[in-house]
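Work through the exercises below with the sequence and the model in view. Each task is followed by a solution in steps.

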Amino acid sequence: MSAAAESATAGFLVWRLSMKWRVAVDRAVAPLGLTHAQYALMGSLYGMARSGLRPSQRQLADHTGLEPLYVSKLARALEASGLVTRTRDPDDPRAMQLSLTEQGRDVARRAIQVVQGLLDQMLEPLGGQDSPRARQFAHELAALLDAPLDPHAENDEEQS
């Protein structure tokens, strides 16, 4: 670890790691015609479909952490590319359900393989994906994701 990284805040390191990951995934999936955000949507759709789900755009936004408007924009672009279909939800005519086309499933499978290779590289310093350190790291990341974040909480306390 560099001396600069040792003195950095956790927030800065999370930012740097997320940017390093995003750039690496962008570069890795570009030959498949995808961006990192499109990969996140397609990889999530692929996994959800394997679990028997056909999510709405809203459910996919909640799952990925992307803004619903952005998911809608991504879904339209992926639909225009022939990778995703968007259909009205029979239970809620305001909602659009998303699914991968056959071509989309093929691209998603290939992209997932590429990104898994990146994940292997990233987690190698922790002993690899299946190591106890990597599992602990994933557990700690999940705990941070589950923690509520309210950007106005400190301002609210000061005003009280």
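**Exercise 1. Find what share of the contacts with a separation of 6 or more joins residues 24 or more positions apart.**

Step 1. Contact means heavy atoms within 4.5 Å.
Step 2. Among the contacts in the chain with a separation of 6 or more, 45% are between residues 24 or more positions apart.
Step 3. Note the source: this is a predicted model, in which local features need pLDDT of at least 70 and side-chain atom pairs count only at pLDDT 80 or more, while totals for chains, interfaces and linings use all residues. Residues are numbered from 1 along each chain as its sequence is written, and side-chain values use heavy atoms, with hydrogens and water left out.

**Exercise 2. List the secondary structure elements of the chain in order.**

Step 1. Helices (H or I, at least four residues) and strands (E, at least two) are DSSP runs, numbered from the N terminus.
Step 2. The chain has eight helices and two strands.
Step 3. Starting at the N terminus, the order is α-α-α-α-α-β-β-α-α-α.
Step 4. The C-alpha trace spans about 50 × 45 × 25 Å along its principal axes.

**Exercise 3. Describe how H3 packs against H5 and against H6.**

Step 1. Two packed helices are described by the angle between their axes and the distance between the axes. Here axes are lines fitted to C-alpha atoms, for helices over the stretch in contact, and angles run from 0 to 180 degrees between N-to-C directions.
Step 2. The axes of H3 and H5 (residues 68-80) cross at roughly 85° and come within 10 Å. H3 is therefore roughly perpendicular to H5; angles under 35 degrees count as roughly parallel, over 145 as roughly antiparallel, 65 to 115 as roughly perpendicular and the rest as oblique.
Step 3. On the H3 side the contact uses Ala37, Gln38, Leu41 and Met42, and on the H5 side Tyr70, Val71, Leu74, Ala75, Ala77 and Leu78. By class, these are nine nonpolar, one polar and no charged residues. Ala, Val, Leu, Ile, Met, Phe, Trp, Tyr, Cys and Pro count as nonpolar, Asp, Glu, Lys and Arg as charged, and the others, Gly among them, as polar.
Step 4. For H3 and H6 the angle is about 105° and the axes are 9 Å apart, so these two helices are also roughly perpendicular to each other.
Step 5. In this contact, Tyr39, Met42, Gly43 and Tyr46 of H3 meet residues of H6 that include Gly104, Ala108, Ile112 and Val115. The contact of H3 with H6 has eight nonpolar, two polar and two charged residues.

**Exercise 4. Is Ala108 buried or exposed, and which residues does Ala108 touch?**

Step 1. Ala108 is found in helix H6.
Step 2. Its relative accessible area is 1%, so Ala108 is buried (buried means under 20% relative accessible area, exposed over 50%, partly exposed in between, with a 1.4 Å probe and protein chains only).
Step 3. Of the 160 residues of the chain, 30% count as buried.
Step 4. Not counting residues up to four places away in sequence, Ala108 touches Met42, Tyr46 and Leu100.
Step 5. Val29 is 79 residues from Ala108 along the chain, and their C-alpha atoms are separated by 9.8 Å.

**Exercise 5. Which residues does Ile112 contact, leaving aside its neighbours within four places in sequence?**

Step 1. Ile112 lies in helix H6.
Step 2. With those neighbours left aside, the contacts of Ile112 are Tyr39, Gly43 and Tyr46.
Step 3. Ile112 and Met42 are 70 residues apart in sequence, with 9.3 Å from C-alpha to C-alpha.
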